[in-house]
Amino acid sequence: MNVLTLVWIASAFFLGFGIYFMPSLTRPLALLAGFFSLGYGLALGVQPEPVVLRLLDSFGVGLFLDSLTSFFIITNALVTIAVIFTLWESDKTPFFFTQILILHGSVNGAFASTDWISLYVALEVVGIAAFLLITYPRNERVIWVGLRYLLISNVAMLFYLVGAVLVYESHHSFDFVGLGEAPPEAVALLFLGLLVKGGIFTLGFWLPMTHATAEAPVSALLSGVVVKAAVLPLIRCALLVAAVEPLVRGVGVGTALLGVGFALFESDVKRVLAWSTTSQMGFILAAPEVGGFYALAHGLVKAALFLLAGQLPSRDVRELAQQGIPRTLGIPLALASFSISGFPLLAGFGAKVLTMKNLLPWQVGGMTGAAVGTAAIYASSFFLPWTRTPTSLPRGFWAAMAVLLGGLLVANGVYYEAFTWGNIVKPLGIIAGGWGLYWGVVRRLQVRLPRFLEQLEHLLGMMSVGLVVLFWLAWSW
């Protein structure tokens with residue numbers, strides 16, 4: 001398994017650069033990388049022992065892959081496969097597909113990292129590849145949004161790098177476990193970098209504009225997998241260092257509620273989905289020990305929703321409510337909305353039940369409220385009127401829907417114990433509460449939320465405030 005792991009880590013990069021030598025095989029090579037990751041992730045999931053590789057013993061640099069990692073790798077694989085299917089008949093150049101594979105490989109590298117330096121390198125490559133994909137259309141708007149994303153990411157990673165050095169100074173190793181012996185300022189600096197990259201809590205205000213501006217397939221990659229490259233290390237820290245677990249859980253609850261609060265009153269479909277991504281990252285962090293399954297369920301459904309959003313006749317929810325959407329899009333949209341709301345028979349149901357069962361008592365009220373809010377958010381898309389308007393969509397789009405929605409059905413088997421009457425009744429009650437909230441309150445209100453906190457200067461200011469708060473939390477643990 002060790003040799004296979006090294007081959008798998010390198011494969012996406014070799015195939016990505018191989019596209020330049022064989023441009024006629026661009027799409028098959030890109031698809032091969034996705035299926036290789038899927039096969040490796042499935043094999044890792046049934047592997048009884050974790051894969052541990054020490055690359056530099058004296059610095060604690062190495063790789064660690066276990067069943068938790070397999071959920072994230074499978075998510076990355078399926079989302080990448082779906083995006084490549086969607087783009088199969090597009091006019092995207094080999095350069096675009098190369099960036100997808102570099103992004104795919106570097107996200108896998110971040111998932112496999114178990115030390116702060118390997119993770120730093122992987123996250124930096126992720127940021128550059130994501131920037132090139134966001135700015136691919138080359139118009140003034142996407143270039144500005146891409147540069148904004150790159151600047152925020154790089155500033156955050158500078159803080160992170162200082163934190164990594166402080167960990168080495170105290171532990172003589174870059175290993176994640178060194179965080180337990182590191183000073184509070186190291187925890188604050190490292191977590192600042194990861195929270196910004198993951199779009200978590202108030203440090204994630206950069207996310208809605210970035211994910212909403214990118215092309216739909218790029219948004220699917222950003223929301224489906226890229227933000228999770230920084231979320232898995234936070235989960236690792238919570239599981240390895242008991243002292244930081246309450247911090248991760250607390251940030252998870254706050255993020256879930258913040259994202260729901262903004263998504264409820266958005267009218268732009270892609271911004272609703274982006275704020276929902278912020279909220280769902282909170283669900284993953286709120287119960288770190290079972291976050292892998294939730295990450296898989298969310299990655300599949302969010303990629304499907306962004307790809308569907310790219311085909312809708314309008315991005316304005318109110319316009320869609322007036323004119324309706326083609327039935328051929330309404331059916332997959334309803335299935336995806338059901339899953340993320342926690343309806344039985346789709347993976348979102350098992351993921352939500354498992355997460356709720358692993359919450360601490362002080363988290364239950366907040367996370368239940370966030371679950372009700374999630375159901376209210378997606379009520380707006382579920383209740384859109386359907387029309388018989390004929391649609392002509394590429395076969396690749398439907399292949400992508402088959403991969404993502406089929407994955408949601410198959411993933412039910414991960415936690416089939418969820419299917420008890422007691423577990424079924426509670427999510428149905430939450431969904432009913434969410435639909436009641438939508439029809440009774442949200443639909444009647446015309447609230448225009450301020451967006452000044454998404455301006456570049458406020459994003460940088462938010463980082464300063466976040467660093468102070470994180471230092472105080474780390475110091476007082």
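The largest pocket of this predicted model is lined by 26 residues, and E266, S267, V317, R318 and L445 lie nearest its centre. A pocket here is an open set of points on a 1 Å grid over the protein atoms alone, with protein on both sides within 12 Å along at least five of seven lines, and lining residues have an atom within 4 Å of a point. Four residues, the largest share of this lining, come from α14, a helix that spans residues 317-323; helices are DSSP runs (H or I, at least four residues) numbered from the N terminus.

In the second largest pocket, L42, I74, L296, A411 and V414 lie nearest the centre, while α3 gives the most to the lining, with five residues.

| Pocket | Volume | Lining by class |
|---|---|---|
| Largest pocket | about 710 Å³ | 17 nonpolar, four polar, five charged residues |
| Second largest pocket | about 330 Å³ | eleven nonpolar, five polar, no charged residues |

The largest nonpolar core has 174 residues, among which L65, L103, W116, L179 and F191 touch the most other members. Such a core is a set of buried residues of the kinds Ala, Val, Leu, Ile, Met, Phe, Trp, Tyr and Cys, joined through side-chain atoms within 4.5 Å, where buried means under 20% relative accessible area with a 1.4 Å probe and protein chains only.

Residues are numbered from 1 along each chain as its sequence is written. In this predicted model local features need pLDDT of at least 70 and side-chain atom pairs count only at pLDDT 80 or more, whereas totals for chains, interfaces and linings use all residues, and side-chain values use heavy atoms, with hydrogens and water left out.

Methods:
Buried < 20%, exposed > 50% of the residue type's maximum accessible area, 1.4 Å probe, protein only. 1 Å grid on protein atoms, 1.4 Å probe; cavity = no way out; pocket = protein on both sides within 12 Å on 5 of 7 lines; lining within 4 Å. Points joined across faces, edges and corners; volume = space filled by probe spheres on them. Helix = DSSP H or I, 4+ residues; strand = E, 2+ residues; numbered from the N terminus. Nonpolar A, V, L, I, M, F, W, Y, C, P; charged D, E, K, R; others polar.
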